[in-house]
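Student: I would like a close look at one part of this model. Please go through it slowly and then place it in its setting.

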Amino acid sequence: MKKVWISDLKDRVGQTVELEGWVYNSRSSGKVKFLLVRDGTGMCQCVYFKGECEEKAFEVFEQATQESLVKVTGVVRAEPRSPGGFEISARALEVVHSAKDYPISPKEHGTDFLMNNRHLWLRSKRQVAILHIRHEIINAIRDFFDGRGFTLIDAPIFTPSACEGTSTLFETQYFDTKAYLSQSGQLYMEAAAAALGKVYCFGPTFRAEKSKTRRHLIEFWMVEPEVAFNDLYDNMELAEQFVEYVVQRTLTNRADELKSLERNIDALKNVKAPFPRIHYQEAAQMILKENPQFKVGDDFGGTDETIVSSKFDRPLFVHHYPAAVKAFYMKEDPNEEGASMSCDLLATEGYGEIIGGGQREDNLDILLKKIKEHGLKEADFDWFLDLRRYGTFPHSGFGLGVERTVAWICGLPHVRETIPFPRLYGRSYP
Ligand code: 4AD
Ligand code: MG
């Protein structure tokens with residue numbers, strides 16, 4: 001007998017098959033019993049009629065409790081009312097493992113309880129839909145850059161120095177010296193851009209953010225392209241084409257999952273380049289009108305970003321943030337003292353910053369000065385300064401946070417559901 005995946009049932013109509021899976025749900029009404037079985041590729045209703053199935057199936061049916069592992073044998077039929085469109089007229093039932101008291105029931109559970117049971121929570125329909133969408137987004141990210149002549153360059157996880165400020169560094173012992181978990185692969189991509197022109201890295205990054213917010217993870221995935229000879233404006237053009245591609249492809253390929261999450265996709269349909277580009281000073285004036293406490297010159301908080309993004313029907317760039325609120329490597333605009341050639345992309349519907357990037361400082365003396373001003377050790381960056389000593393070149397890049405992007409596209413209120421096993425402030429279990 002052919003063992004089949006639920007996703008392949010469409011090719012087996014009329015055939016007798018054997019299905020292995022976990023019990024999602026069961027119900028009985030007299031002479032007929034129903035098992036809703038999932039196998040990771042889909043859900044299928046299995047129907048047992050007294051007299052038509054083996055007698056033993058009725059005897060063991062009670063043991064097929066929620067999340068028990070079962071083997072079902074029967075004939076595949078098209079049935080529009082079954083979740084995947086197919087049903088099994090079942091003959092035999094084997095309860096391979098009867099699960100006792102599965103902790104997650106269809107009733108509402110608190111967040112903390114679900115997070116403690118994340119390893120089981122993943123099995124729920126909603127979490128499966130989110131993980132499918134995450135997978136699509138990751139593939140779209142790779143395809144976009146691979147299709148444009150970029151080379152994937154893996155950045156190290158252990159690093160000798162800070163890229164994004166010293167306050168969120170994770171320190172670890174590295175034999176008889178110290179190392180830090182990478183906050184960003186950017187500095188290495190700058191080196192790689194001088195070797196290969198158009199490069200990107202894609203991996204986990206770490207920030208010891210001591211705050212509980214709906215958009216901060218301690219461990220998150222970031223894709224970081226870096227391109228030789230691109231200026232700030234080329235960088236925004238690349239970023240907007242990239243975000244359009246990722247969003248539109250996900251809308252096309254994952255329409256079913258987005259529907260099951262009840263995501264209203266009107267705002268996402270609009271995610272088409274070009275995106276509006278707003279100077280920091282202009283954005284600051286918009287914020288001041290609604291948040292008089294805001295101080296021009298400061299970085300934006302989440303609510304400030306929402307004030308700005310609510311004025312637009314698609315994501316927008318804010319550029320030229322004050323150099324003082326950005327990292328040491330940002331190029332200061334020669335025509336605008338104190339303003340960095342930075343750009344953040346703010347998503348729609350209050351999702352805030354999903355991309356941070358800009359043009360890099362390529363002048364050795366200015367970069368040395370910035371390293372000092374930021375209280376960083378020059379010796380740690382000696383290799384990085386070499387890129388300015390030997391054929392320094394204009395270049396730009398950005399980083400997109402995968403989890404914030406998944407939260408935005410799925411319409412989730414918090415990043416904790418966007419990654420299989422989230423690391424949050426105060427949580428590293430399971
Ligand atoms: O703005 P950030 O800090 O920029 C960088 O790290 C640059 N070195 C990137 C570059 O130019 N190559 O981070 C980039 C993005 C943010 O816009 C956000 O989407 C995400 O990374 N991000 C986080 N996501 C989840 N949890 C956190 N704690 C995050 N910190 C940043
Ligand atoms: Mg940022």
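Predicted model: local features only at pLDDT ≥ 70, side-chain atom pairs only at ≥ 80, totals over all residues.

In what order do the strands of the open sheet of three strands stand, and is their pairing parallel or antiparallel?

Tutor: The order is β8-β10-β9, and the pairing in this open sheet is antiparallel. β8 (158-159) and β9 (171-174) stand at the edges with a single partner strand each, so one side of each has no neighbour in the sheet. Strands here are DSSP runs of E with at least two residues, helices are runs of H or I with at least four, and both are numbered from the N terminus. Two strands pair if DSSP finds at least two bridges between them. β8 is joined to β10 (residues 177-181) by two bridges, and the two strands run antiparallel. In this pairing T159 is opposite Y180 of β10.

Some ground rules come next. Residues are numbered from 1 along each chain as its sequence is written, and chains are lettered from A and ligands numbered from 1 in the order in which they are written.

Now the setting. The protein chain has 13 helices and 17 strands. Its C-alpha trace spans about 85 × 55 × 40 Å along the principal axes. The domain assignment gives domain 1 (3-97) and domain 2 (118-417); such bounds come from an automatic or database domain assignment. The centres of domain 1 and domain 2, taken over C-alpha atoms, are 46 Å apart. Of the 430 residues, 52% count as buried. Buried means under 20% relative accessible area, exposed means over 50%, and partly exposed lies in between (1.4 Å probe, protein chains only).

Strand β3 (residues 32-38) has seven of its seven residues buried, so the rest of the structure largely encloses it. In a regular strand, side chains alternate between the two faces of the sheet. In β3, V32, F34, L36 and R38 point one way, K33, L35 and V37 point the other way, and all are buried.

β3 has antiparallel partners. Seven bridges join it to β2, and V23 has V37 as its bridge partner in β3. The hairpin of β2 and β3 has two residues between the strands, and G30 there takes a positive phi near 65°. Seven bridges also join β3 to β4, again antiparallel, with V37 opposite C44 of β4. That hairpin has four residues between its strands, and G40 in the turn has a positive phi of about 95°.

The pairing continues from β4. Strand β4 (residues 43-49) runs parallel to strand β6 (residues 86-97), and three bridges join them; C46 stands opposite I88 there. β6 also pairs with strand β5 (residues 69-78), in the antiparallel sense and over ten bridges. One facing pair between them is A78 and F86.

Back in β2, which covers residues 16-29, sits E18. E18 is buried yet has no salt bridge, and the nearest side chain of opposite charge, K71, is 4.4 Å away. A salt bridge needs a side-chain nitrogen of Lys or Arg within 4 Å of a carboxyl oxygen of Asp or Glu. For charge, Lys and Arg count as positive and Asp and Glu as negative, while His and the chain ends are not counted. Leaving aside residues up to four places away in sequence, E18 touches M1, K2, K3, V4, K71, V72 and T73, where contact means heavy atoms within 4.5 Å.

Finally, the aromatic rings. The whole structure holds 22 aromatic pairs. Rings of Phe, Tyr and Trp (its six-membered ring) pair if their centres lie within 6.5 Å; planes under 30 degrees apart count as stacked, over 60 as edge-to-face and the rest as tilted. F242 and F398 form a tilted pair, 5.9 Å centre to centre with 40° between the planes. F242 lies in helix α6 (residues 232-253) and F398 in strand β17 (residues 395-401), so the pair ties together parts 156 residues apart in sequence. Both F242 and F398 are buried.

Notes: Heavy atoms only, no water.
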